[in-house]
Amino acid sequence: MDEWQSNDGAYPLAGLIASGPTGATPRLALHGWLDNAASMAGLLAALNAISGAPSLALDLPGHGLSAHTAAHHHAPFADYLDAVLSVLDTQNWQQIDLIGHSMGGGIATLFAAAFPDRVRKLVLLDSLGPLSGEPVSFAKDLARGLLARRAQRKPTPVYPDAISALNARVGAFGITEIQAAPIVARGIVQAADGQWRWRSDPRLTLPSTSRFSEAQVLNAIAAIRAPTLIILAEPRADFLDGPKLDVRIAAYPDAHVVRMLGNHHLHVRPKPELVELVAGFIAGCTGAAC
C-alpha cells in the first residue's frame with residue numbers, strides 16, 4: 001500500500017492507500033487506540049488479493065502520521081467521526097465498506113449509525129461499539145478527566161533504539177512481537193538526540209472527561225442499517241465481556257457474530273480463515289455458512 005495524505009478538514013490526515021477497480025465499493029479501515037494504519041494494512045492487502053477495491057487504512061487524529069489536534073483540543077469521538085467524513089469528501093466516496101478494530105470499531109459503529117446511507121457493510125474486529133460510562137460516576141469522571149489535563153504530564157517515554165520500543169509494546173492485550181512490529185515501525189520517530197519516541201499524541205493516554213451512556217450506545221446501534229460482521233477474539237478481553245455486551249450483540253439489527261481463537265490483535269498478520277470470512281461477508285455472504 002502507498003502513503004496517503006490529506007489537508008482537507010481541521011487537521012492533516014495520513015494513512016495507507018491502495019487503488020482498486022472503478023465501481024467497486026471502497027474500503028475504509030479504522031485502527032484501535034494507540035495503534036495506527038499499519039495495523040490494518042495487512043488485512044486490506046489480503047482482501048484486495050481476493051477482490052480488489054479502493055482501500056484506505058487511516059491514521060486517526062493523534063495517531064501514526066496524522067497530525068495531533070490543537071493544544072487545547074482533546075479529540076472526542078465526534079472529531080474522529082469528522083475525520084472519517086473528511087476522508088469520504090476528499091476521496092469522493094459516497095458509500096464505503098467500513099472496517100474497525102477496537103476503538104476504531106466504536107468509531108465505525110457511531111459513523112454507521114449517524115450516516116447509515118454511507119456504509120454498505122460494517123465489519124467490527126474485537127469491538128462492540130464505544131465504551132460507555134455509568135451515570136452515577138459522571139461527575140467524578142468529569143473532575144478526574146479535567147484535573148488530568150491540567151496536571152503536569154509525565155515525560156514521553158524514550159528508547160535507545162527501535163527494538164526497545166518494540167519490546168515495550170509487546171504483551172499489551174496479548175499482542176505478539178510479529179503483530180506489534182508494523183504498528184511500532186509506523187508509530188515511532190527518532191529524535192535529534194538519537195533516541196526514539198512515540199509519534200502518538202500523549203493526551204490520548206489521559207482519562208476521558210465523559211463517556212456515552214449505555215442507552216446512547218444502544219440507540220446508535222439500533223440506527224445502523226448496514227449488515228454487520230462481528231469477529232470476537234477468544235478468550236474475550238475483559239472490556240468485551242459481561243451481560244451488558246451480550247445485550248449489545250443482540251441490539252445490532254443485522255449482525256453475524258463469529259468467535260475466533262486469537263488475541264485482541266488477531267487481524268494484524270491475519271490468518272487465512274479471518275481474511276476469507278471478511279472477504280466473503282463483503283462480497284455478500286452473511287449467513288451461517290460464511
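Predicted model: local features only at pLDDT ≥ 70, side-chain atom pairs only at ≥ 80, totals over all residues.
**Exercise 1. Find how α5 and α6 pack, and which residues make the contact.**

Step 1. Two packed helices are described by the angle between their axes and the distance between the axes. Helix α5 covers residues 162–169 and helix α6 covers residues 177–187; the angle is about 125 degrees, and the axes are 9 Å apart.

Step 2. The crossing in which α5 passes α6 is right-handed.

Step 3. On the α5 side the contact involves Ala165, Leu166 and Arg169. These meet Glu177, Ala180, Ala181, Ile183 and Val184 of α6. Sorted by class, this contact holds 6 nonpolar and 2 charged residues, with no polar ones.

**Exercise 2. Work out the geometry and the contact of α3 with α7.**

Step 1. Helix α3 spans residues 103–114, and helix α7 spans residues 214–223. Their axes come within 7 Å and cross at roughly 60 degrees.

Step 2. Roughly parallel requires an angle under 35 degrees, and roughly perpendicular starts at 65. The two helices, α3 and α7, are therefore oblique to each other.

Step 3. As α3 passes α7, the crossing is left-handed.

Step 4. From α3 come Thr109, Leu110, Ala112 and Ala113, and from α7 come Ala220, Ile221 and Ala223. The classes are 6 nonpolar, 1 polar and no charged.

**Exercise 3. Describe the packing of α7 and α8.**

Step 1. The angle between α7 and α8 is about 25 degrees, and their axes are 9 Å apart.

Step 2. Angles under 35 degrees count as roughly parallel. Helices α7 and α8 are therefore roughly parallel to each other.

Step 3. The handedness of the crossing of α7 and α8 is right-handed.

Step 4. Helix α7 contributes Glu214, Val217, Leu218, Ile221 and Ala222. Its partner α8 contributes Lys244, Val247, Arg248 and Ala251. Among the residues of this contact, 6 are nonpolar, 3 are charged and none is polar.

**Exercise 4. Locate a cis peptide bond and two residues with positive phi.**

Step 1. Most residues other than glycine have a negative phi, and most peptide bonds are trans.

Step 2. Glu234 and Pro235 are joined by a cis peptide bond, with omega about 5 degrees. Pro235 belongs to the loop between β12 (228–234) and α8 (243–251).

Step 3. Phe173 is not a glycine, yet its phi is positive, about 55 degrees. Phe173 sits in the loop between α5 and α6, the helix pair of Exercise 1.

Step 4. Arg269, also not a glycine, has a positive phi of about 50 degrees. The loop that holds Arg269 runs between β13 (255–261) and α9.

**Exercise 5. Describe the second largest pocket by volume and lining.**

Step 1. The volume of the second largest pocket is about 160 Å³.

Step 2. Its lining consists of 13 residues, and those nearest the centre are Arg27, Ser51, Arg120, Ile282 and Ala283.

Step 3. The largest share, 3 residues, is that of α9.

Step 4. By class, the lining of the second largest pocket has 7 nonpolar, 3 polar and 3 charged residues.

Key:
Residues numbered from 1 in each chain as written. Heavy atoms only, no water. 1 Å grid on protein atoms, 1.4 Å probe; cavity = no way out; pocket = protein on both sides within 12 Å on 5 of 7 lines; lining within 4 Å. Points joined across faces, edges and corners; volume = space filled by probe spheres on them. Helix = DSSP H or I, 4+ residues; strand = E, 2+ residues; numbered from the N terminus. Nonpolar A, V, L, I, M, F, W, Y, C, P; charged D, E, K, R; others polar. Axes fitted to C-alpha atoms, helices over the stretch in contact; angles between N-to-C directions. Left-handed = near helix turned anticlockwise from the far one by under 90°. Contact = heavy atoms within 4.5 Å. Parallel < 35°, antiparallel > 145°, perpendicular 65-115°, else oblique.
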